[in-house]
Amino acid sequence: MKEPFLSAVPVLKILEDAGFQAYFVGGSVRDYLLGKQISDVDIATSATPDEVKTLFKKTIDIGIEHGTVLVLHNQNSYEITTFRTEGEYQDYRRPKEVAFIRSLTEDLKRRDFTMNAIAMDLNGNLIDPFGGQNDIHNKLIQTVGLAKERFHEDALRMLRAVRFASQLSFQIDTETLMALSNLNQLLSKIAVERKRAEFEKLLMGKNRKNALKILVDANLHLFLPGLEKYKKDIMKVIEVPCERLSRKEMWCLLLYYIEVNDADAEPFLREWRLPLKDIKDIRDCLYFTRQRLEQNWSIYQLYIAGYDTIQSAEKLTLVINGIQKMDSVEQWLDVYKRLPIKTRSDLDVTGSDLIEWSGKTGGPWLKQVLLQIEKAVLEGNVANEKQKIKEWLKQCSQK
Ligand code: ATP
Ligand code: MG
């Protein structure tokens with residue numbers, strides 16, 4: 001066994017010494033078997049949340065109704081979830097109530113795919129009642145039990161299947177794939193936030209090409225916000241190599257290819273319930289990418305866009321134009337870094353200076369003059385020094 005499991009062994013030991021069962025489960029075990037980098041380990045136990053809380057000094061209730069307690073141990077934090085079954089599923093969504101149980105196998109049975117239903121004990125022994133290791137070996141995504149039933153219970157699993165296909169480059173098993181096509185409309189019952197989390201992982205996955213194809217072939221896109229009418233356009237995203245793009249850049253690329261105009265970008269992203277800051281960043285990025293595809297950056301555009309947007313829009317421009325070399329990103333960022341000012345507050349004059357010098361009262365003229373000064377400073381027509389700017393203004397007024 002290796003890190004990060006090793007550091008977590010003492011946590012399992014504390015649970016076992018108190019007479020409970022405790023295992024590593026879920027994505028961490030799957031990724032370990034795949035030889036992938038693991039960030040967090042998830043722990044499942046027969047102890048109830050209250051019992052877990054009595055065993056560790058520092059705990060935080062992060063989802064106690066679902067049986068999850070966060071345990072802080074030796075500078076690390078671990079999500080410990082009580083074995084559970086999910087009672088009645090309501091309306092194709094996750095169940096409202098869960099029942100805590102003492103059986104590991106029952107807990108593994110409620111999990112979505114065989115590859116995610118493997119447990120590992122503190123000695124590294126695997127408990128794999130549904131053939132998960134075999135499916136990992138065959139690179140196959142297969143539900144635990146009948147796909148049809150499992151998707152009826154929680155339709156988000158359909159989208160999860162496709163995002164795992166993207167992240168892991170696995171195939172989806174035939175029965176599971178058929179259920180995706182037949183039951184796609186169940187996805188309309190699922191909260192947008194849950195769909196977004198999976199869709200973003202899908203977009204960021206290595207094999208998005210294959211995954212987006214599965215998504216549109218199974219008509220799952222019909223039940224994703226704003227994507228109903230874009231079957232052909234979604235496929236355009238497939239054609240471009242976009243490995244090095246961030247989450248927000250991927251959204252921007254999608255908007256570009258499905259040809260959402262600048263005015264419609266915000267409502268589209270709001271429908272996906274993205275945070276307002278993300279919406280602003282993605283909109284800026286889309287706007288400047290479109291500008292950049294038309295022409296080189298002007299000094300003023302660099303100034304308005306700012307570091308992060310320049311970086312993203314330049315990267316996207318290269319990706320869209322099919323250019324592999326990313327040198328121009330650094331080059332434009334260097335130009336930006338050398339700009340004499342980065343924001344209006346960097347100007348060596350303020351509105352009050354202008355009022356004082358002119359003897360006029362404030363008004364819309366102030367904004368205009370400041371803009372004029374800003375542009376002159378950026379273009380190197382005047383140094384960003386109060387006295388120089390004052391003289392420059394005087395000269396301008398004499399012209
Ligand atoms: P990732 O590496 O992206 O976190 P993961 O497999 O850990 O992948 P999570 O969403 O963190 O995915 O879920 C942890 C585990 O919980 C899964 O491996 C699976 O066993 C179970 N699980 C999560 N969501 C569902 C679901 N909708 N239905 C059934 N089981 C689920
Ligand atoms: Mg996880």
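This is a predicted model: local features need pLDDT of at least 70, side-chain atom pairs count only at pLDDT 80 or more; totals for chains, interfaces and linings use all residues.

Residues are numbered from 1 along each chain as its sequence is written, chains are lettered from A and ligands numbered from 1 in the order in which they are written, and side-chain values use heavy atoms, with hydrogens and water left out.

Select Glu3 and Pro4 to begin: the peptide bond that joins them is cis, with omega about 0°, and Pro4 lies in the segment before H1. Most peptide bonds are trans. Next select helix H1, residues 5-17; helices (H or I, at least four residues) and strands (E, at least two) are DSSP runs numbered from the N terminus. The expected span of a helix is 1.5 Å times one less than its number of residues, so the 13 residues of H1 should span 18 Å, in agreement with the 18 Å between its end C-alpha atoms. Buried in H1 are Phe5, Ala8, Val9, Val11, Leu12 and Leu15, where buried means under 20% relative accessible area, exposed over 50% and partly exposed in between (1.4 Å probe, protein chains only). Gly19, which follows H1, has a positive phi near 95°.

**The nonpolar cores**

A nonpolar core is a set of buried Ala, Val, Leu, Ile, Met, Phe, Trp, Tyr and Cys residues joined through side-chain atoms within 4.5 Å. Select Phe199 and Leu253, the residues with the most contacts inside the largest core, which has 86 residues; helix H7 (residues 156-168) supplies the largest share of this core, eight residues. With contact taken as heavy atoms within 4.5 Å, and without counting residues up to four places away in sequence, Phe199 touches Leu159, Leu215, Leu224, Leu227, Trp251, Leu254 and Trp272. A second, separate core has 29 residues, among them Ala313, Trp332, Leu370 and Val382.

**Ligand 1**

Now select ligand 1 and the 15 residues around it, of which Arg30, Asp154, Arg157, Arg160 and Arg163 come nearest; a residue is included if one of its heavy atoms lies within 4 Å. An oxygen atom of ligand 1 is 3.3 Å from a polar backbone atom of Gly27, and a polar side-chain atom of Arg111 lies 3.0 Å from an oxygen atom of the ligand.

Moving on, select Asp262 in helix H13 (residues 262-271), which is partly exposed because its relative accessible area is 33%. Asp262 lies 108 residues from Asp154 in sequence and 35 Å from Asp154 in space, C-alpha to C-alpha. Leaving aside neighbours within four places in sequence, Asp262 is in contact with Leu286, Tyr287 and Arg290.

Is Glu314, the next selection, buried or exposed? Glu314 is found in helix H16 (residues 307-320) and counts as buried, because its relative accessibility is 0%. Its contacts, not counting residues up to four places away in sequence, are Arg292, Trp297, Ser328, Val329 and Trp332.

**Two positive phi values**

Finally, select Ser169, in the loop between H7 and strand E11 (171-172), where phi is positive, near 55°. Arg273, in the loop between H13 and helix H14 (276-294), also has a positive phi, of about 55°, although it is not a glycine.

Note on methods
A polar contact is a pair of N or O atoms within 3.5 Å; within protein, one must be able to donate a hydrogen and the other to accept it, and residues adjacent in sequence count only if both atoms are side-chain atoms.
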